[in-house]
Amino acid sequence: MKKVYLFAVAAMFATVSMAQINEQGVPYVKGVKSISPTHLNAKTPTDTLGWTPQNTIDWVPAEFAGGGQVWNYGYTGGGYVYGTNISTNEINHVGQGYLNLQGATIGVEGIIISAAGKDYAGTGTGTSTFNLHLYNMAANSAYTHNGTSWNQDATGPNGAAVASITNQPISGVDTAWFPLTYYPFASVVQVNGDFAVTFDATAVIAANDTIGLLSDTDGEGSDLAFHKAGVTNSWYVTSSLIGNPGLDNNIAIFPVIDANFVGINDDQTYNGMKLSAFPNPAVDQTTISYSLETSMNNVKLIVYDLTGKEILREEYGNQAAGLYNVNLDVSELNAGNYFYSLIGNGSRLTKRMVVVK
């Protein structure tokens, strides 16, 4: 039977009783949907308590799932792999890491999540809340398993969270057909190296509610998904912790970089990329400018709204180093927040723009 490696964690800590960690199930696929990279069919999101596999959908936040599908992983003991999982104070806190290869100073203004489902069944009331966090990452901060023993040898979330968004109600999370929910920090948070954004559902499961986030297909990740074990207060690489072989996904939790960092006129780049929009806020027209420090593969520029619907998609393939400008007509768009993402060499840089009327 496939097992959750977390049992081995208990043995590492003499103060943690083996009985505190119970094997209640294994990961399974609750559903899969194919992504249609088109913005022709507008939809109106409505709230729902769950997500079921059906049809092709028009949703793709910055080409999140490279394989063209989004996945919803459940757990046979109840809940979701990427959300509420097992029981109180165990592995209900998940995170997605992002590499800052050149150590640029960047400002994270907020976090976007996309949820797979939620459930108020049983004694749950649907009134619980979750927290979002931003962590610095460092070497030797997360555990991996080599088949024999646990080793704290992986880059992972390090120390205390440097910023948090707390007490967000799950009732406000729409799970109808992959809308995005944007949560801004009280002020822009600066980081200078690798970082992770995390989703802490500990209070959700404590209230007998459940909630889970989407992921891409198993095997598309880069060992940058993490679970925090409450009983040990330590981070574990998900591909070592859950499943056999372990799940290797990217989780649908995305950082939004503030417009004042790694812009076209800045000296620094984020993983070799710069990105700006001007004017921002925009009324009728805006120009998205981006710069590539070196030639890059699979370069794409995508603009989408808070429902995940694409406004613009440009696919350039291989593109030489240089400065590029793309004019965007926003005159027909509703007022509100939109996001624009530059993708190159597998890295993503996402910023927010505002349309006003």
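1. Ground rules first: helices (H or I, at least four residues) and strands (E, at least two) are DSSP runs, numbered from the N terminus. This is a predicted model, where local features need pLDDT of at least 70 and side-chain atom pairs count only at pLDDT 80 or more, while totals for chains, interfaces and linings use all residues. Residues are numbered from 1 along each chain as its sequence is written, and side-chain values use heavy atoms, with hydrogens and water left out.

2. The overall picture: the chain has 3 helices and 21 strands. Of its 357 residues, 56% are buried, where buried means under 20% relative accessible area, exposed over 50%, and partly exposed in between (1.4 Å probe, protein chains only). Take contacts (heavy atoms within 4.5 Å) between residues at least 6 apart in sequence: 74% of them join residues at least 24 apart.

3. On to strand E7. Asn 140 sits in E7, which runs over residues 129–145, and has a positive phi of about 55° although it is not a glycine. Val 262 is another non-glycine residue with positive phi, near 40°. Its place is in the loop between strand E14 (253–257) and E15, and Val 262 is buried, with a relative accessible area of 2%. For background, most residues other than glycine have a negative phi, and most peptide bonds are trans.

4. Another links Asn 280 to Pro 281, with omega near 15°. Pro 279 lies in the loop between E15 and E16, and Pro 281 is found in that loop too.

5. Strands E15 (273–278) and E16 (285–292) each supply at least two lining residues, and E15 gives the most, with 4. By class the lining has 6 nonpolar, 7 polar and 2 charged residues. In that tally Ala, Val, Leu, Ile, Met, Phe, Trp, Tyr, Cys and Pro count as nonpolar, Asp, Glu, Lys and Arg as charged, and the others, Gly among them, as polar.

6. Salt bridges next, taken as a side-chain nitrogen of Lys or Arg within 4 Å of a carboxyl oxygen of Asp or Glu. The count comes to 3. Glu 109 pairs with Arg 352, the closest N and O atoms being 2.6 Å apart. Glu 109 lies in strand E5 (residues 106–113) and Arg 352 in strand E21 (residues 347–355), so the pair ties together parts that are 243 residues apart in sequence. Glu 109 is buried, at 8% relative accessible area, whereas Arg 352 is partly exposed at 26%.

7. Arg 313 forms salt bridges with Glu 310 (3.0 Å, N to O) and with Glu 315 (2.6 Å, N to O). Arg 313 is buried at 17% relative accessible area, while Glu 315 is partly exposed at 49%. Through shared partners, Glu 310, Arg 313 and Glu 315 join into one network.

8. Now the interior. A nonpolar core is a set of buried Ala, Val, Leu, Ile, Met, Phe, Trp, Tyr and Cys residues joined through side-chain atoms within 4.5 Å. The largest has 82 residues, of which Ile 113, Phe 130, Leu 132, Leu 134, Phe 199 and Ile 253 touch the most other members. Strand E17 (residues 296–305) gives the most to this core, with 6 residues. Apart from it lies another core of 9 residues, Met 137, Leu 224, Phe 226 and Trp 235 among them.

9. Finally, Ser 240 in helix H3 (residues 238–241) is buried at 9% relative accessible area. Ser 240 and Tyr 143 are 97 residues apart in sequence, yet 8.1 Å apart in space, C-alpha to C-alpha.
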